[in-house]
Amino acid sequence: MGKLVHETIVSMNFDVDAFAGSSLIKLYAENGCLDDAQLLFDKIPVKDCVLWNVMLHSYVKCGKGNDAMKVFNDMRNNGTRPNSVAFACILSLCSSEEMIGFGAQLHGLVVIFGLEFASQVANTLMAMYSKCGHCFDARKLFDMMNHRDLVTWNAMISGYVQNKLTKEASLLFREMISAGVKPDSFTFSSFLPAVTESMCPNQGKEIHGYIVRNGVVTDMFLKCALIDIYFKGGEVKVACRIFNKSTKVDIGMCTAMISGYMLHGMNINALEVFRWVVQAKIRVNTLTLVSILPACVGLVAVKLGKELHGNILKNGFQTRCHVESAIMDMYAKCGRLDLAHRVFIRISERDTISWNSMITNYCQNGKPVEAMDLFRQMGIVGMRYDCVSISQALSACANLPALHYGKEIHGFMVKNAFNSNLFAESALIDMYAKCGHLNLAHRVFNTMTLKNEVSWNSIIGAYGFHGHLKECLSLYNEMLENGIRPDHVTFLGIISACGHAGLVDDGIHYFRCMTEEYGIQARMEHYACMVDLYGRAGRLTEAFETIKSMPFLPDTGVWGTLLGACRVHGNVEFAELASGHLFALDPQNSGYYILLSNILADTGQWGRVLKIRSMMKERGVQKVPGYSWIEVNNITHMFVSADGSHPHSAQVYSMLESLLLELRREGYGPQPLVAYPQNSVI
């Protein structure tokens, strides 16, 4: 259309002046024809400020930052004085691209031209400083302004919220109300996330009440913010009511519902919303897809995950690094590390997040060797390590264990100033503890300048892991003296230490202290710890009663702990009960079948042992070989059950045979992995 109008003007021998040119350039830009717009712009002999602004805005709107900056410089070189519109436009580019250096220079130019208090320019400057993390400068400008309109207040509140300065945002919001400035929907949609961060659900309800009483227009953004705050405050029904009563629904609201359902583990509800979005033919965005992928993990639905992956490929979203990282995580958490790695190697531009994600996936899926290999590759290709990379590499060293590599990473941390990062230092404590060096773990803890609950939990857990209850409780009391409030992880370490020390009553005391004194709701792992506490002491009836009293369905960890205790104490009744649940929850895990077989074999019930063997064959259950690692002379050696691939396997088995002979002379009879009757083969 723009070209047709332009050709008509030219054919009638009319000159294109600045006014007509502005309209034509807008037409070209709106239709994506920036080259034609630039050609027309260049041909106009006399260009006024409005025409320069139209061209500048066109480039900024289309994300052509370099071209926009060139136009701005040409405008100044041409002798045209930029006005507030021009400065607001170019400053918005600095904000979106986070060009704080150039933005500060422009601020100086704004002051020279006397436009620093022009509302449009001042608001854009504040937004630019906030977006670049310079809230102090934004607030300085805010305080200097004599006249503050609603946009000014909104910009400053939004800046505080974006930078996680929730206290400052709350104070400014109250100041705004006191100043008699009436907030609008943008104010509330900007401020409500600060309420969510401050964990004050009642304040969220009060604000919602204010919105209703004062007839504030609830647009899509505000509804999204309200849905989010109610979900995070545990008010699922209220969030659903807001969504269901909305006459108009956009993808933002649907994404808020999906994220809210996922927060509460309501995977099926999240999928229902996503299906509705697809059926309503609402165009999804990357945030929607990233939000729904964890539902596949929650339902362990790899097939559904593959379908979503196909949808992402179909819509061309696969090139976004954060989307590919989410796909990778989905496959890994569904147990398909092979597919996760395939997605990883196909990412064209891997950032630190994607590398960290894959390293974490290997660590969490029991592949510490692969995690360490990937960590090394990350350094070789020139990627910069961050605290997540370091923490996961240390976790891999702890799981191997590989003290030598852990010490190398410790040296790297000191050299590159990572030794002041709380999470990396906490991972270092954990690594030294799991490698058997509690003295080094405590030394790292003592040298920390700042300690938070994660640091204290790491050292308490370290002593608890080794069964040093006295030191564990001493550190717990020291933690309280330092004003650090214990959390669910703290008590997990303490209860575990009580179990290892055989002090059942102490374990019960700290469990009650957690739930009653501190009001911390017991999680699955706490109940598993209590089952282990009773099980180690042979109090299996109490262990079973603990499972029955759980407010949620027990998982394999809880039933597996009971089954392990049954093996130690030879209790067939509870063993069969626990294994029945385990076979239903995880039918392909060979360990549970073998453990039950050993218990039955110990009591001479060979017929039932054979039945379990037949059940394994019918279900296609494969025995997973056992792995072990040991570090000798800074080299980590890995051994697999019944494997002779190690170069020194002959000497190892010879030494093992000698040790077994010595043990037999002392009266010890080793128990085989599965005690099947003579002449039976599995």
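Glutamate 98 lies in the loop between α6 (84-97) and α7 (100-112). The model is predicted: local features need pLDDT of at least 70, side-chain atom pairs need pLDDT 80 or more, and totals for chains, interfaces and linings use all residues. Numbering starts from 1 along each chain as its sequence is written, and side-chain values use heavy atoms, without hydrogens or water. Helices (DSSP H or I, at least four residues) and strands (E, at least two) are numbered from the N terminus. Glutamate 98 is not a glycine, yet its phi is positive, about 55°. Its relative accessible area of 49% makes glutamate 98 partly exposed (buried is under 20%, exposed over 50%, partly exposed in between, with a 1.4 Å probe and protein chains only).

**Figure 1. Lysine 281 sits in the loop between α17 (267-279) and α18 (286-298).** Lysine 281 is a residue other than glycine with a positive phi, near 60°. Lysine 281 is exposed, and its relative accessible area is 76%.

**Figure 2. Helices α14 (residues 220-232) and α15 (residues 236-244) pack at an angle of about 165°.** Their axes are 7 Å apart (lines fitted to C-alpha atoms over the stretch in contact, with angles from 0 to 180 degrees between N-to-C directions). α14 and α15 are therefore roughly antiparallel to each other (over 145 degrees; under 35 is roughly parallel, 65 to 115 roughly perpendicular, the rest oblique). From α14, Lys223, Leu226, Ile227, Tyr230 and Phe231 meet Val236, Val238, Ala239, Ile242 and Phe243 of α15 (contact is heavy atoms within 4.5 Å). The residues of this α14 contact with α15 comprise nine nonpolar, no polar and one charged (Ala, Val, Leu, Ile, Met, Phe, Trp, Tyr, Cys and Pro are nonpolar, Asp, Glu, Lys and Arg charged, the others, Gly among them, polar).

**Figure 3. Helices α23 (residues 368-380) and α24 (residues 387-399) pack at an angle of about 145°.** The axes of α23 and α24 are 9 Å apart. On the α23 side, Pro368, Ala371, Met372, Phe375 and Met378 meet Ser389, Ile390, Ala393, Ala396, Cys397 and Asn399 on the α24 side. This contact of α23 with α24 divides into nine nonpolar, two polar and no charged residues. Isoleucine 409 touches residues including Met372, Phe375, Ile390 and Ala393, with residues up to four places away in sequence not counted.

**Figure 4. The axes of α28 (residues 453-465) and α30 (residues 488-501) cross at roughly 15°.** The two axes come within 8 Å, and α28 and α30 are therefore roughly parallel to each other. Asn457, Ile460 and Gly464 of α28 make the contact with Val489, Thr490, Gly493, Ile494, Ala497 and His500 of α30. Sorted by class, the residues of the contact of α28 with α30 are four nonpolar, five polar and no charged.

**Figure 5. Histidine 526, in helix α32 (residues 524-536), is buried.** The relative accessible area of histidine 526 is 0%. Its contacts, leaving aside neighbours within four places in sequence, are His488, Leu492, Phe511 and Met514.

**Figure 6. The largest nonpolar core has 206 residues.** Such a core is a set of buried Ala, Val, Leu, Ile, Met, Phe, Trp, Tyr and Cys residues joined through side-chain atoms within 4.5 Å. Phe87, Ile227, Ile390, Ile409, Met431, Phe491 and Leu562 touch the most other members. The protein chain has 38 helices and two strands, and 45% of its 682 residues count as buried.
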